[in-house]
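Q: Hi! Could you walk me through this one while I have it open on my screen?

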Amino acid sequence: MRPPEALGRYDVEAPPGVEPTPPPEVPRSPRAIAWTRRRMSAKRVWATYRKNRLGMIGLGALVFFIAVAVFAPLIASKDGLDPTCTCTGVPLQPPSLHFPFGTDNFGRSVFTLTVWGSRPSLIVGLFATLISVAIGAVIGIFAGYFGGKSEAVLMRLTDWFLVIPFLPLAIVLASILGPSLFVIIVVIGVTSWPSTARIVRAQSLTVKTRPYVERARALGAGHWHLTSRHILPNVGPLIFANTVLLIAIAILSETTLSFLGLGDPLTTSWGTTLSAAFGSGAASAGQWWWLLPPGLAIVFVVLAFTLCGFALDEILNPRLRER
Amino acid sequence: MSVLSVRDLEVTYRTQAGPIPAVRGVSLDIATGEVLGLAGESGCGKSSIVNAILRLVPPGTTVTGEVLLNGENVLTMKPGRLRAVRWTQASVVFQGAMHALNPVQRIGDQLAEAIVIHGQSRQREALVRAGELLDQVGLPPRRLRDYPHELSGGQKQRVMIAMALACSPSLIIADEPTTALDVMVQAQVLSLLNELQHELGLAMLFITHDLSVLVEISGRLAIMYAGKIVEQGPSVSVFEKPAHPYTEALAAAFPAIGDQRFRKAPSGLGGDPPQPDAVPTGCSFHPRCPYAFDACASTVPDLYASGEGRRSACLLVPKGELIAR
Amino acid sequence: MRGYLIGKIAQAFLTLLFVLVFNFFLFRVMPGDPAAILLRGSAAFNPESLAAVREDLGLDQPLPEQFVTYLGDALTFNWGDSFFQSGQPVSEVISGTIWPTILLVGTATLASAAIGLLIGIYGGWKRGSRFDIGSLSFTLFVWAMPEFWFGILVLMAFSGGVGPFPAIFPSGGYETAASDLTGLSHVVDVLNHMVLPFFVLTVAYLGEYALIMRNSLLDVVGDDFIQTARAKGVREKQILWRHAVPNALLPTMTVVFLSIGFIFSGAITIEYVFSWPGLGWLTVQAIEHKDYPLLQALFLVFSVAVIVANLIADILYTYLDPRVRAA
């Protein structure tokens, strides 16, 4: 008897003299099957995504900015951030051949500041969102899966965070905890989880009642197995699109907090550059070369994440109506 | 004197997936005071015909052919003339009345609007007339001040009927007016429509997927399938002795209790109606037809004469072999 | 309906309570001496002040008692003394700066909502048109832009004067310094100073209003009663204004009020950029001086403003929607 996987034409005896072709590569374990399925659907998602022109533009810009951040040392020397560097030029000069974005009040190249400023912004965006999504997912699953009193309490908490205005809350937290990049990451992460929690909870509620989950439970599956093997994978695609948009918002939040002086004064981010520029009166002095590049960089990075997020949202989330 | 005369009507929607032909050549006539029933399953194109008659199709939709309303071609009217003709010569009783009424406007105002915009009265007199219309459909005039959500499904349907009568049109198009209602309410609304039609001598185009309803209310009926009319003729004879396999299947799907013909279990027909963009070659019904033969897949049947005032688009007709019951 | 309203008001109070609880525990759960945290980095970091603050906070009392005292203080506007305003009560400092914010945020919200809603209506009605696509792109771009950066650019252009832009507006403040204007000329002076921040705040948020209104209108346009109106022979313009917009406006109104919270937050940075002496500008001053009592009180005030706005939104919806009114 042949093993169950190799069914089909191989039930028939091969005619004499002909080598039977080997059976196709069939995965044996359920986990391997699940991963094959996930790979196939990821391929499908990518194929659909490629057709979305705005999404591709966003993705392109994203790759560009990430490359700038990663390869910053190759693009502009880090010494350029040091005000005492001999590579600095005449302070507050408009763009020139040597300094394509002009210089700041220390004579540093604004180009260098902008290139290196990408790192903190992207780092904060990424990590703050990771924390936010992790908290949101855990809370959402607890609320949706376990229900009852914990759901009521957690949903109250979620509503509270949604109502309270973000910036005043972040300001109070950040000013007490002190000025550092880490604090900003934590503050943004700890205040922006509600949107994820809501989505996860709603999805947990629907998945919880699906037949295969009930079957698994009847077979004796425990909570951990159900959440990690059934609920999480189903929730994943839905929160992915939301996560990308959260990164965009996190970057904007970091910029604002840094601009208000709550960021690490020793880090060069787009927000701190703008804060320094404004603080030294660049606006009234008309020093546009100092003010435009960091701001434009923020706009384009945020747009990049937003366009990707919208494109993913269209593909991954069931739409009730076309807009 | 023909109130409505449709010739070779074709309606093609424009979608992201390409053009979709919903109506592929339909012709029909309705004389003054006559009721024509139009039956068919979902997606056969019935509602598209309703929208096309008063040019209510979405922008970008292609509508060709002729739609003569009291002699004038609706499809070539100027916008001003079209707006004037709408409701005054032909009005529509929409399906379900679920969202067909403005949720934030009182019933009386919605009724009066139809009267006022056609310059027939001012607001105050229009409201009086609205009260009379409600009375005609069996609703108390105090309902004028209600909002749609305060009415039941049947009451909302009556309001839609009252609204359709507001400008005394010569033709009423009833688009599945009983579909979303409970059976008891269905009967009430049907008998109301019947009464009004006789009283006022209205011409009516009654559209439904329930064939048995049509037999009660319409003198003639037409059966639609895949965007075309496949059978037409006097209601009773079409229902009792169908000349097209599809009509036979439709009639068998709605058994009448106590009727000897339905002693056996009602038979459903396998398969689904074709998607408008994937219509089979030849006779569009042949994949599901129990009487299909070789010519059916390649020849598109015309509407052959199949009896006294009857036509059927089935190749068995010119062969002289009407389907047996 | 009355039950529904009472429920909403109760919820609002509950949220307010959360804010107070949050403020209460903020210093008490931080590692270390709350008094030390409070006075950290300030000139008053000495044993006497520390002891005074500790007594002020009632740290020697049991926690429940502390909380009750705190609640009582908070609700009677007894918010402690400001640090950098040399001991002036926080409530006084705040009440002295609240009017400019009300003036700026109030007018900007009205203008932003009015213009935004109109753009949303027109864009949604003529969906896919050049106007629609243009306004959507504009909305997206403005959303991605930090509003304070836009403010800085506007300040640079119209106050500093760069390139072709005329330097016709003052560089900040509420009124011309050391001036003695009264009556009409004072009003004009204030308005002159308000033009730029008002413009920036209005533009920064009208995109969001436009988007909300557009989506709401698109939802409504697909409904059957629009088709009924068209079949009746109603003109397109009347269909838009008499049938579509009233239905689309209902859910939009609630969201408009709910987004007031964001405008308040945006005002913080804008007031700072234009030195407009309101609550936002005060917040930034408090950050610079680590004036924690002031910061906490400001957080409370901002939260209350948003909670009240949300409550108004709920009440408004209840009265405007005939379906809810009857319930």
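Q: How many residues does the contact take from chain A and from chain C?
A: The contact takes 35 residues from chain A and 43 residues from chain C. Two residues are in contact if their C-beta atoms, placed from the backbone, lie within 7 Å. Do keep in mind that this is a predicted model, where local features need pLDDT of at least 70, side-chain atom pairs count only at pLDDT 80 or more, and totals for chains, interfaces and linings use all residues. Residues are numbered from 1 along each chain as its sequence is written, and chains are lettered from A and ligands numbered from 1 in the order in which they are written.

Q: Which helices of chain A supply at least two residues each to the side that touches chain C?
A: Those are α5 (148-163), α6 (166-177), α10 (223-259), α11, α12 (282-285) and α13 (288-316) of chain A. Helices here are DSSP runs of H or I with at least four residues, strands are runs of E with at least two, and both are numbered from the N terminus.

Q: And what is that side like by class?
A: On the side of chain A that touches chain C there are 25 nonpolar, eight polar and two charged residues. Ala, Val, Leu, Ile, Met, Phe, Trp, Tyr, Cys and Pro count as nonpolar, Asp, Glu, Lys and Arg as charged, and the others, Gly among them, as polar.

Q: What about chains A and B?
A: No contact joins chain A and chain B, and their closest C-alpha atoms lie 11 Å apart. Two pairs of chains are in contact, and chains A and C share the most contacts.

Q: OK, chain A by itself. How many helices and strands?
A: Chain A has 13 helices and zero strands.

Q: Which helix has the highest mean pLDDT, and which the lowest?
A: Among the elements of chain A, helix α11 (residues 270-279) has the highest, 92, and helix α9 (residues 211-218) the lowest, 78. pLDDT is the predictor's confidence in each residue, from 0 to 100. Over residues 1-14 of chain A the pLDDT is below 50, and that stretch has six contacts in the model beyond near neighbours in sequence.

Q: Switching to chain B: how do β1 and β4 run?
A: Strand β1 (residues 2-15) and strand β4 (residues 62-69) of chain B run antiparallel, joined by seven bridges. One of the residues involved is R7(B), whose bridge partner in β4(B) is E66(B).

Q: And what comes between β4 and β5 there?
A: Two residues, in a hairpin formed by β4(B) and β5(B); N70(B) in the turn has a positive phi of about 50°.

Note on methods: Pairing = 2+ DSSP bridges.
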